[in-house]
Amino acid sequence: MVHFPVNHPARPLYRAIAGLVGLYILVFGVWGVALTWDQPLFDRGSTWALGLRTNLAFSLVSVAFGVVLIIGASRRSNLGHYMNLTAGVVFMVTGVAMMAVLQTTANFLNFSMSTVIISMVFGLTLLATGLYDKVGTEEHAEQEKASRRHPIAETNSR
């Protein structure tokens, strides 16, 4: 079973990084909505916001994701842990799916290759921050540290 570190000393840094990713996504979404408000929802035009191609649908989804990530980063509970892990997987899957349909009419979010790359980078960043921001009691943290110790290494050192 996978063991996530509990009460990692750099947890505030990881939450700040996740919050910055959420802030960028929120600003991108708001800017994209402002630029594409008069266009159709799934337009395949050449509208760019903050270096990424967008349409109204992608901008609205970005606003929602940005708000969710900022809320997750602002909580000092395991909510942010689970939200970052989930959002990381969503970004990675979306990036791969949109790369698969990049040059087809199925590219309904109007992704470009730069958008795919940023989606993958954000996905990996959110996965990394989600791995290290788990919160627990001191007893739980000590149990987690003890369970990570390898029993074979301890017997060979005797």
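In this predicted model, the lining of the largest pocket draws at least two residues from each of α1, α2 (56–74), α3 (79–100) and α4, where helices are DSSP runs (H or I, at least four residues) numbered from the N terminus. The volume of this pocket is about 250 Å³, a pocket being an open set of points on a 1 Å grid over the protein atoms alone where a 1.4 Å probe fits, with protein on both sides within 12 Å along at least five of seven lines, and lining residues having an atom within 4 Å of a point. Among the 17 lining residues, F58, S62, F91, F111 and S119 are the closest to the centre of the pocket. By class, the lining comprises 13 nonpolar, four polar and no charged residues, with Ala, Val, Leu, Ile, Met, Phe, Trp, Tyr, Cys and Pro counted as nonpolar, Asp, Glu, Lys and Arg as charged, and the others, Gly among them, as polar.

Residues are numbered from 1 along each chain as its sequence is written. Local features need pLDDT of at least 70 and side-chain atom pairs count only at pLDDT 80 or more, whereas totals for chains, interfaces and linings use all residues, and side-chain values use heavy atoms, with hydrogens and water left out.

The axes of α3 and α4, as lines fitted to C-alpha atoms over the stretch in contact, come within 7 Å and cross at roughly 155°. That makes α3 roughly antiparallel to α4, a term applied to angles over 145 degrees. Their contact, defined by heavy atoms within 4.5 Å, includes N84, A87 and F91 of α3 together with S119, F122, L126 and T129 of α4, and it has 16 nonpolar, eight polar and no charged residues.

Helices α2 and α3 pack at an angle of about 150°, with their axes 9 Å apart, and are therefore roughly antiparallel to each other. The contact is formed by F65, V68, L69 and G72 of α2 with G80, M83, N84, A87, V90 and F91 of α3, a set that divides into seven nonpolar, three polar and no charged residues.

For helix α1 (residues 11–36) and helix α4 (residues 113–132), the packing angle is about 150° and the axes lie 9 Å apart, which makes α1 roughly antiparallel to α4. Here R11, Y14, I17, A18, V21, Y24 and I25 of α1 meet F122, T125, L126, T129 and Y132 of α4, and these residues divide into nine nonpolar, two polar and one charged.

Definitions and conventions
Axes fitted to C-alpha atoms, helices over the stretch in contact; angles between N-to-C directions. Parallel < 35°, antiparallel > 145°, perpendicular 65-115°, else oblique. Points joined across faces, edges and corners; volume = space filled by probe spheres on them.
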